[in-house]
Amino acid sequence: MAQTLRIIKKYPNRRLYDTEISSYITLEEVRQLVLDGETFEVRDAKSGEDLTRSVLLQIIAEHEEHGQPMLSPQLLSHIIRFYGDSLQGFMGPYLERSLQVFLDQQQQFRNQLNSLMGQTPWSMLNEMTERNLDVWKSMQRGFLDAATAKPAEPVRPAGRTGKKPS
């Protein structure tokens, strides 16, 4: 079943209306749609103009301002310099491909790390706990066996009999 395109309408009062759930939503909820991999478009409620890029840029700007910035002033300056440059048309696709390569490498790294560590840190902790429990049980069994064992007969040196010499 193909996923339908979710439409979010932006009204002049800057409110966002999600037509799928018939409710107003916040920018943070739009961000969550992005994180969840939802396909959507933001459209001007009156003209129908596509405002998706503008809203996504607004989300980025707010996170850059209030969160831990990802885009340094130098990087932003370089991007600005490409506007109007003869290579401007190549910059967007180049950044998209570069980011995709980064994401692929990140996934590869996570897969390798998971194969080294097991599925999760919890599974590793569970395995370690089970091993420690087995060692503990073995140690207790050894103590129990030693405590319940019959004392051994004293060993006599070789060549001697139990008789006294006459």
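1. Over the chain the mean is 84, and 81% of residues reach 70 or more. Where pLDDT is low, the predicted coordinates should not be read in detail.

2. Ground rules. This is a predicted model, so local features need pLDDT of at least 70 and side-chain atom pairs count only at pLDDT 80 or more, while totals for chains, interfaces and linings use all residues. Residues are numbered from 1 along each chain as its sequence is written, and side-chain values use heavy atoms, with hydrogens and water left out.

3. Layout. The chain has five helices and four strands. Their order from the N terminus is β-β-β-α-β-α-α-α-α. Helices (H or I, at least four residues) and strands (E, at least two) are DSSP runs, numbered from the N terminus.

4. Of the 166 residues in the chain, 11% are buried. Buried means under 20% relative accessible area, exposed over 50%, and partly exposed in between (1.4 Å probe, protein chains only). Among contacts (heavy atoms within 4.5 Å) with a separation of 6 or more, 41% join residues 24 or more positions apart.

5. The largest pocket. Its volume is about 1600 Å³. Of its 28 lining residues, Leu57, Ile60, Leu71, Leu95 and Leu99 are the closest to the centre. A pocket is an open set of points, on a 1 Å grid over the protein atoms alone, where a 1.4 Å probe fits, with protein on both sides within 12 Å along at least five of seven lines; lining residues have an atom within 4 Å of a point.

6. What lines the pocket. Helices α1 (27-35), α2 (52-66), α3 (73-82) and α4 (88-117) each supply at least two lining residues. By class, the lining has 18 nonpolar, six polar and four charged residues.

7. Annotated span. An unreviewed UniProt entry carries the annotation "domain: PHB accumulation regulatory" for residues 71-110. Such annotations may be inferred rather than shown by experiment. The span is 82% helix and 0% strand, and its end C-alpha atoms lie 24 Å apart.

8. Two positive phi angles. Arg14 is not a glycine, yet has a positive phi of about 75°. Arg14 sits in the loop between β1 (6-10) and β2 (16-18), and is exposed, with a relative accessible area of 63%. Ser22, also not a glycine, has a positive phi of about 50°. Its loop runs between β2 and β3 (23-25).

Technical notes. Grid points are joined across faces, edges and corners, and a volume is the space filled by probe spheres set on the points. Ala, Val, Leu, Ile, Met, Phe, Trp, Tyr, Cys and Pro count as nonpolar, Asp, Glu, Lys and Arg as charged, and the others, Gly among them, as polar. pLDDT is the predictor's confidence in each residue, from 0 to 100.
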